[in-house]
Amino acid sequence: ETFQELRIVQLNQDNWKLSTCTCPSWFRHYMCKHIIGIAYRERLFDEFPKESWCLTLGQVASAGRPRKMAKALAK
């Protein structure tokens, strides 16, 4: 369980877009919020890149019980 919470980021100083991370988002998109955050903190870019806008930064579930699904063939 603890390994799922630990993110290891290897920052490439020459080209920060070639950096790697151990999170599931990086394995799918080869880019994640951890790499973008560390590269920004190290001042490797001035403004956020376009590909960062399409990444979800984690969605919080709404409070309360989920609604029941409506019947598919009901009128």
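Which residues is Ser19 in contact with, leaving aside its neighbours within four places in sequence? They are Gln10, Leu11, Asn12, Trp26 and Ile35. Contact here means heavy atoms within 4.5 Å.

**Basis of the model**

This is a predicted model: local features need pLDDT of at least 70, side-chain atom pairs count only at pLDDT 80 or more, and totals for chains, interfaces and linings use all residues. Residues are numbered from 1 along each chain as its sequence is written, and side-chain values use heavy atoms, with hydrogens and water left out.

The pLDDT score is the predictor's confidence in each residue, from 0 to 100. Its average over the protein chain is 78, and 73% of the residues score at least 70. Confidence is lowest in helix α1 (residues 2-5), with a mean of 62. It is highest in β2, at 92. Where pLDDT is low, the predicted coordinates should not be read in detail.

**Overall layout**

The protein chain has 3 helices and 2 strands. From the N terminus, the order is α-β-β-α-α. Helices (H or I, at least four residues) and strands (E, at least two) are DSSP runs, numbered from the N terminus.

Of the 75 residues in the protein chain, 19% are buried. Buried means under 20% relative accessible area, exposed over 50%, and partly exposed in between (1.4 Å probe, protein chains only). Among contacts between residues at least 6 apart in sequence, 30% join residues at least 24 apart.

An unreviewed UniProt entry places the feature "domain: SWIM-type" at residues 7-43. UniProt positions are given in the numbering used here, feature names are shortened, and annotations may be inferred rather than shown by experiment. Over residues 7-43 the chain is 41% helix and 11% strand. The end C-alpha atoms of that stretch are 20 Å apart.

**The nonpolar core**

The largest nonpolar core has 10 residues: Trp16, Cys21, Cys23, Trp26, Met31, Cys32, Ile35, Ile36, Ala39 and Phe45. Helix α3 (residues 33-41) gives the most to this core, with 3 residues. Such a core is a set of buried Ala, Val, Leu, Ile, Met, Phe, Trp, Tyr and Cys residues joined through side-chain atoms within 4.5 Å. In soluble globular proteins, nonpolar side chains tend to be buried together.

Ile35 is one of the core residues. Not counting residues up to four places away in sequence, Ile35 touches Val9, Trp16, Ser19, Thr20, Cys21 and Trp26.

**Trp26 and Ser19**

Trp26 lies in helix α2 (residues 24-29). Beyond its neighbours within four places in sequence, Trp26 contacts Ser19, Thr20, Cys21, Met31, Cys32 and Ile35. Ser19 sits in the loop between β1 (9-10) and β2 (20-21).

Two polar contacts involve Ser19. The side chain of Trp26 reaches the backbone oxygen of Ser19 at 3.3 Å. A polar atom of the Ser19 side chain lies 2.8 Å from the backbone oxygen of Trp16. A polar contact is a pair of N or O atoms within 3.5 Å; within protein, one must be able to donate a hydrogen and the other to accept it, and residues adjacent in sequence count only if both atoms are side-chain atoms.

**Leu11**

Leu11 is also in the loop between β1 and β2. Leu11 touches Trp16, Ser19, Ile38, Ala39, Glu42 and Leu44, not counting residues up to four places away in sequence. Leu11 and Ile35 are 24 residues apart along the chain, yet their C-alpha atoms are separated by 7.3 Å.

The table gives the accessibility of selected residues.

| Residue | Relative accessible area | Class |
|---|---|---|
| Ser19 | 2% | buried |
| Trp26 | 14% | buried |
| Leu11 | 24% | partly exposed |
| Tyr30 | 55% | exposed |
| Arg43 | 73% | exposed |

**Aromatic pairs**

The whole structure holds 4 aromatic pairs. The ring centres of Trp26 and Tyr30 are 5.4 Å apart and the planes stand at 85°, so this pair is edge-to-face. Rings of Phe, Tyr and Trp (its six-membered ring) pair if their centres lie within 6.5 Å; planes under 30 degrees apart count as stacked, over 60 as edge-to-face and the rest as tilted. Trp16, Tyr40 and Phe45 form one aromatic cluster.

**Backbone angles**

Most residues other than glycine have a negative phi. Tyr30, in the loop between α2 and α3, has a positive phi near 60°. Arg43, in the segment after α3, has a positive phi of about 60° although it is not a glycine.
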